[in-house]
Amino acid sequence: MKEEVKLQFQSNRLQKHGLNFKKKRETQCGCGSTLAIFNNCVTCLKKVKFEYNLSWMVPGLKCGSKAKIQELANKDIKDLVENKKLRLVLDLDETLIHAKKITEEESDSEEEETLDEMSDDFWSFPSSKEEDIIGKHHSQQSDKNLISGLVGAPLLEHSIVRVGHHQYKVWIRPYLIQFLETIERHFDIYIYTHATRDYANTILEALDIKRYIKRICARDPKEKRKRKKLSKMLCQPNLSLIVDDKRRVWSKEDHANVVRVAPFTGKPQERHDQVLETLTSILLNAHSAYYMVMKQQKKPEQQQEINFSVNHQMTSTTSLPTSLASTLTDIRSILSGC
C-alpha cells in the first residue's frame, strides 16, 4: 500500500512539471497477432493498443512489432528490386495540383484560400538552393511573357471538387496524366501530403488519377503537422526519390533525395508549364542509371538479404550497391538548365 502511495506521489510530481509516465504499448495480442485495425486485433478482434501507425497502407492499420514492420519493409524492397522498379514519393498541392477553397463570397483571386497558403506560415526553416528548382527559369520567362502579351489570356481549365462541407477549385499541372502513365512503369508512386486523408482521397478520385497511386500518406484531422519522413512510409532511401515544391518540409536526412520543383499556382501563364515533362526525363534517366550501376557492381557471390531498419538505416548494403540520392547528384547539372 505504501509503495502504491509513493508511486502515485511521484506521478503527481511529474505531472505537475508537465511530465508523465508513458504507458507501455502492447507488442502483440494474446493470440499472437501483431496487427490491428482500428485497435481491434485482426485475428481475434480483441481490443489492443499498438504503437506503429500503418494507416497509409490500410486505413486504421497499426502494428506492435518492429520485427513485423521490418519484415513488411524487406518484402517490399525485394519486390521493387525484382521488378526493377524504384519508389517515387510525390507531394500533392502546388506540386501536382493547385486547389483553392471557394468562399461564400467568391472572387477569382484574393478572397479564396489555398491549402498551401493556410499551412505555409508553419514552415520557417531555410529553403533549398534556387538553382536546384526544376521549372524556376521557365516560370520566370513565363512571367516576362505574361507582362509583354499574355494579359487577359484564358485561364487553365479547373474542376470543382467537394470535400466534406467545402468546395474547391482544382487545377491540374500540365502533362500530369502523361507523367503518371509513363512513370508508373518504372516507379511505385506514393503520395505524401500534409493535407487530410479525406481531402487527398477525394481530390485524387475526382481527377481520376488515384489509379496510378499505390499508397497515400496523409494527415489525420487531429494530427499535428510534422516534417515528412521517408521512414514513415517504410521507404528505403537508396530506392526512393521525392518530388516536392518545398524541401524544408522534409526531414534533413531525406534532403538529398528531394527533387524540388517550382510551385504550381494555376495562373494563366502556367498553361505552358513544362515541369512534369522535364521531370519525366530526369526520373527515367535516374532509374536507368541506378539499375545500370547495380548491374555492374552486383556480383552473385555478394548477394545477401536486404535489411531495412525502422531507424532509417540499412543493416546490409551489399544488395544495393548504389543510392538514388548519389545517382541524382550525378545528373544535378541538368536541373540548373531547366
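Which side chain does Arg-87 meet in a salt bridge? The partner is Asp-188, at 4.0 Å from N to O.

## About the model

This is a predicted model: local features need pLDDT of at least 70, side-chain atom pairs count only at pLDDT 80 or more, and totals for chains, interfaces and linings use all residues. Residues are numbered from 1 along each chain as its sequence is written, and side-chain values use heavy atoms, with hydrogens and water left out.

## Salt bridges

A salt bridge here is a side-chain nitrogen of Lys or Arg within 4 Å of a carboxyl oxygen of Asp or Glu. The whole structure holds 12 salt bridges. One of them joins Arg-87 in strand β5 (residues 86–90) to Asp-188 in strand β10 (residues 187–196). These two residues are 101 residues apart and link distant parts of the chain. Both are buried (under 20% relative accessible area, 1.4 Å probe, protein chains only). Arg-87 and Asp-188 also belong to a salt-bridge network with Asp-76, Lys-85 and Lys-214.

Lys-228 pairs with Asp-244, with the closest N and O atoms 3.1 Å apart. Lys-228 lies in the loop between β11 (215–219) and β12 (240–244), and Asp-244 lies in β12. Both residues are buried. Asp-245 and Lys-246 form another salt bridge, at 3.3 Å. They are buried too.

## An open sheet

Four strands form an open sheet in the order β2-β1-β4-β3, with antiparallel pairing. β2 (40–41) and β3 (52–53) are at the edges with a single partner strand each, so one side of each has no neighbour in the sheet. Strands are DSSP runs (E, at least two residues), numbered from the N terminus. Two strands pair if DSSP finds at least two bridges between them.

β3 pairs with β4 (residues 61–63) over two bridges. Asn-53 has Lys-62 in β4 as its bridge partner.

Conventions:
Buried means under 20% relative accessible area, exposed over 50%, partly exposed in between (1.4 Å probe, protein chains only).
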